[in-house]
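Have a look at the sequence and the model, then go through the points in order.

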Amino acid sequence: MLESGFVRVGELSLHHTWGGEGSPALLFIHGLGSSGYLEWRFTLPVFARSRRVLAPDLPGFGRSAKPRLPYGLRLFERAVYEYVSAVQGGALDVVGTSMGGRVAIDFALTHPRLVRRLVLVNSLGLGRPRPGPYYPLVVVPRVGEAVLRGMRGALGGLPPPLLRKAAGRWVGMSVDPERALGDRYLDDLREMHEAEGYHEAYLATLRSLVRQDTLNAADLAARLADIGVPILLVWGADDPLFPLETARRAHRLVSSSGLAVIKGAGHTPQVERPDAFNQIVARFLDS
């Protein structure tokens, strides 16, 4: 049984989803433009059968507070640490996807004693991405704001099949988008885009990544090799943003890592191929 609510983390109110029993606890970190309850909707119920699962919404995202802040990786890693300190004692397993994978990397590098095992899913921070035209466009002042206003309008006005088709193309999805991106998902996405402060938080985050050159050059694989934490790289074979070679190269550099490639999946294998994803992660965590 999953629950949701709010927890005070420093000066912030973070929304989180949690449930289940069993140790070690399992922490899930979502990516850019998402939330714990959105990103892991096909994963949390499965793992909550045998483990305590924790899925916070990062500051500015989901239903968490969205004040004016210096959004970026440093804020997110600190918020995750304070969140874990508030709700969980001792080491846990950590799963992070996309930008959330980079937050998970920073968390593991900063607090290696708190991480028993680490799962990185199509993760930022392991090599050079292929951002396409979208990210360079939305980092431009005023242009990004207009793009997000257009997205909000599209979510409110376009037919769901068209929205699903566009979203599926964006992440390289090859499965039926009606199953992966159902009505509940679209309702939650609309809610987030309509929340005051969300667009500002999203753009501030993205622009901070570009200023730090994170999207273009950051590669932390060599540093991960030194912390001694068992690592699993889970990658959608057809990811248009982080090519599969990114994962293969990181796997070669990190001797303590495994690599699982999910065929027929793009940037979000946990959504596109949830059964395969859950089985792969469960085997790694239980090994």
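**Notes on the model**

1. D106 and R102 both sit in helix 4 (residues 99-110), four residues apart, which is about one turn of the helix. Helices here are DSSP runs of H or I with at least four residues, strands are runs of E with at least two, and both are numbered from the N terminus. D106 forms a salt bridge with R102, with the closest N and O atoms 3.0 Å apart. By salt bridge I mean a side-chain nitrogen of Lys or Arg within 4 Å of a carboxyl oxygen of Asp or Glu. Both D106 and R102 are buried (buried is under 20% relative accessible area, exposed is over 50%, and partly exposed is in between, using a 1.4 Å probe and protein chains only).

2. Before going on, some housekeeping. This is a predicted model, so local features need pLDDT of at least 70 and side-chain atom pairs count only at pLDDT 80 or more, while totals for chains, interfaces and linings use all residues. Residues are numbered from 1 along each chain as its sequence is written, and side-chain values use heavy atoms, with hydrogens and water left out.

3. How many salt bridges does a search of the whole structure find? The count is eleven. Another one to look at joins the side chains of R78 and E82, at 3.1 Å from N to O. R78 and E82 are separated by about one helical turn because they are four residues apart in helix 3. R78 counts as partly exposed at 45% relative accessibility, and E82 is partly exposed too, at 26%.

4. Now try E191, which forms a salt bridge with R63, the closest N and O atoms being 2.9 Å apart. This pair links distant parts of the chain: E191 is in helix 9, R63 is in the loop between strand 4 (53-56) and helix 3 (73-87), and 128 residues separate them. E191 has 34% relative accessibility, so it counts as partly exposed; R63, at 29%, counts as partly exposed as well.

5. Staying with helix 9 (residues 183-194), look at how it packs with helix 6: the angle is about 140° and the axes are 10 Å apart. (Axes are lines fitted to C-alpha atoms, for helices over the stretch in contact, and angles run from 0 to 180 degrees between N-to-C directions.) M151, R152, L155 and G156 of helix 6 make the contact with L189, R190, H193 and E194 of helix 9, where contact means heavy atoms within 4.5 Å.

6. Next, P243, in the loop between strand 7 (231-236) and helix 13 (244-253). Is P243 buried or exposed? P243 counts as buried, at 12% relative accessibility. Leaving out residues up to four places away in sequence, P243 touches R128, R130 and W235. P243 and N122 are 121 residues apart in sequence, yet 8.5 Å apart in space, C-alpha to C-alpha.

7. Finally, another loop residue: A265 is found between strand 8 (257-262) and helix 14 (269-272). A265 has a relative accessible area of 0%, so it is buried. A265 and L38 are 227 residues apart in sequence and 18 Å apart in space, C-alpha to C-alpha.
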